Amino acid sequence: RSSSVVSIMAEQKQADKNHVSDAENKEQENGVMKNAPPIALSSSIVSKEEVSIVSEILCSQLQSKSINFKLLYNSKTDGDTKESFHAKCADKGATLTIVHTEFDNVFACYTSVAWSNSASQYFADDTAFILLLRSAFGHAQQVYSIDVKNFKDEKQFNRYQGKAVYHNVNYGPAFGNGQDIGIEPPSTHTPAAKSWIKSGYAYMLNGNALCGGEKFEGDSNTKRRYWFQYKSYEVHAVDVA
């Protein structure tokens with residue numbers, strides 16, 4: 001092979017290399033790397049196996065190939081107050097809240113609506129869902145959403161769908177009408193504040209399956225409130241890749 005051919009091939013390889021580098025640099029400048037691996041969920045609550053389950057379910061629910069996570073707030077390390085939650089999580093885009101209850105149940109709540117410091121306001125969110133991830137009762141993982149099939153007519157469905165997420169400056173994360181899930185941090189006025197779930201409403205939660213208890217009670221057709229305290233909860237920003 002002649003030296004001139006070798007020289008041309010070497011120049012072409014270098015040009016290709018420079019082209020790839022320029023493309024990578026451009027992607028980095030834009031804050032996007034097309035071939036970058038997804039950022040895994042970093043949690044003190046869920047196991048590695050559960051992280052995989054959460055990622056798979058999110059990808060399925062959101063019809064996405066990969067999900068990136070960023071921890072915004074941990075009630076154990078960032079201050080277990082409503083003020084800390086709102087300061088860390090307001091205006092951060094879509095989020096996943098993970099709750100570890102006193103009964104060793106773990107559930108997660110997704111919303112695409114960014115949290116705000118609103119005094120009291122409901123928001124529609126057709127992507128919002130609740131996930132039972134770990135059950136002391138031995139129940140399998142289950143996704144709850146506001147499904148039209150669960151309601152007597154479209155009018156009732158639309159009413160519940162319009163109240164998928166609830167923002168209140170005096171609460172932590174809250175979901176559903178009334179609310180199906182309310183996380184209430186302790187305060188000077190209520191040092192032993194209890195959070196709650198309600199079965200049989202917007203998300204048709206199944207009794208106390210989500211939060212746990214001394215024994216399993218009820219079903220999704222029974223409208224009832226169940227009180228619990230959380231051991232900790234986390235809020236993660238979710239970026240759909």
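Which residue in E6 is the bridge partner of Leu131? In the structure before you, which is a predicted model, that partner is Val143.

Let us take the two strands concerned. E5 and E6 run antiparallel and are joined by three bridges. On its other pairing, E5, residues 129-134, is linked by five bridges to strand E3, residues 106-111, and these two strands also run antiparallel. Within that pairing, Tyr110 has Phe129 of E5 as its bridge partner.

These strands belong to an open sheet of six, in the order E1-E12-E2-E3-E5-E6, with antiparallel pairing. Strand E1 (67-74) and strand E6 (142-144) stand at the edges; each has a single partner strand, so one side of each is left without a neighbour in the sheet. From one strand to the next, the twist averages 25 degrees.

I turn now to the helices. Helix H2, residues 48-62, lies across E1, strand E2 (95-101), E3, E5, E6 and strand E12 (230-240). Its direction is at about 160 degrees to E5. Helix H3, residues 82-89, lies across E1 and E12, and runs at about 145 degrees to E1.

Is E5 mostly covered or mostly open? Strand E5 is mostly covered, with five of its six residues buried. As a general point, side chains in a regular strand alternate between the two faces of the sheet.

The largest has 35 residues, and the members that touch the most others are Ile130, Ile181, Tyr203 and Leu210. At least two residues of this core come from each of E1, H3, E3, E5, helix H4 (154-161), strand E11 (224-228) and E12. E12 gives the most, with four residues.

Which residues does Ile181 touch, leaving aside those up to four places away in sequence? They are Phe107, Cys109, Ile130, Pro173, Ala174, Phe175, Trp196, Ile197, Leu205 and Leu210.

There is also a second, separate core, of 22 residues. Among its members are Leu58, Val106, Tyr110 and Phe129.

Note on methods: Residues numbered from 1 in each chain as written. Predicted model: local features only at pLDDT ≥ 70, side-chain atom pairs only at ≥ 80, totals over all residues. Heavy atoms only, no water. Pairing = 2+ DSSP bridges. Axes fitted to C-alpha atoms, helices over the stretch in contact; angles between N-to-C directions. Contact = heavy atoms within 4.5 Å. Core = buried A, V, L, I, M, F, W, Y, C linked by side-chain atoms within 4.5 Å. Buried < 20%, exposed > 50% of the residue type's maximum accessible area, 1.4 Å probe, protein only.
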